[in-house]
Amino acid sequence: MSHKQYKYWILDDSPLNAEEKRLLQAHLAACGDCRKLKKGWEKSLHAIRATERKNPTPDFSVRWQAKLQQEKKRNRIVRQRVIIFSSLLLIGLALIAYVILSGSLTAFLAHMITSSTQILLFLTKGFSELASLINGVPSIVRWALGVFFIGVANMFVILLSYLVWKARKNHKEWQRAGVYAEE
Ligand SMILES: [Zn+2]
């Protein structure tokens, strides 16, 4: 069998049968060139496999990044929940502590009712004072102020409609961009 055939066997990945293996081993024992070729080829295969392991495919890094992002998001949500939960717990504890310190629950409720009544009284008083203040100013000023406030309200409505329109337009463009990206 020719030297070339043995070289082909060395470099080919397809498995050899027992007879071919025996022939190759016999030739390798006799031929230094083929021994060198086999050794060199095995070394390069080894190097290729090592680099493949060290440099993962881009697909892998993309997947890993996505996973990392998801994990970050989940951690953030968990942290927010912990903050909300501990705030609620703190408020609850503070309320309980207040109830205990202020004597009894009935005292606490009575105090709550008194303070809410006071707040209500304060607000009512404020409104009536505001009403008398408005009545106090000359009618021409009141009229001018009314026109001014209607103008401000109109501007606000126009601004709001513009913002809504803009947001909808952006949303449509975004959806179209998504369709292009999928194509
Ligand atoms: Zn040879």
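Domain bounds are those of an automatic or database domain assignment, and for this chain the assignment gives domain 1 (3-50) and domain 2 (138-176). The structure is a predicted model, in which local features need pLDDT of at least 70 and side-chain atom pairs count only at pLDDT 80 or more, while totals for chains, interfaces and linings use all residues. Residues are numbered from 1 along each chain as its sequence is written. The C-alpha centres of domain 1 and domain 2 are separated by 82 Å.

With helices taken as DSSP runs of H or I of at least four residues and strands as runs of E of at least two, numbered from the N terminus, the chain comprises 6 helices and 0 strands. Its radius of gyration, taken over C-alpha atoms, is 42 Å, well over the 16 Å that the globule rule (2.2 Å times the number of residues to the power 0.38) gives for 183 residues, so the chain is more spread out than a compact globule.

Helix H1 (residues 3-11) and helix H3 (residues 32-54) have axes that come within 10 Å and cross at roughly 15°, the axes being lines fitted to C-alpha atoms over the stretch in contact, with angles running from 0 to 180 degrees between N-to-C directions. This makes H1 roughly parallel to H3, a term applied to angles under 35 degrees. The contact (C-beta atoms, placed from the backbone, within 7 Å) is made by Tyr6, Lys7, Ile10 and Leu11 of H1 and by Cys34, Leu37, Lys38 and Trp41 of H3.

Methods: Angles under 35 degrees count as roughly parallel, over 145 as roughly antiparallel, 65 to 115 as roughly perpendicular and the rest as oblique. Two residues are in contact if their C-beta atoms, placed from the backbone, lie within 7 Å.
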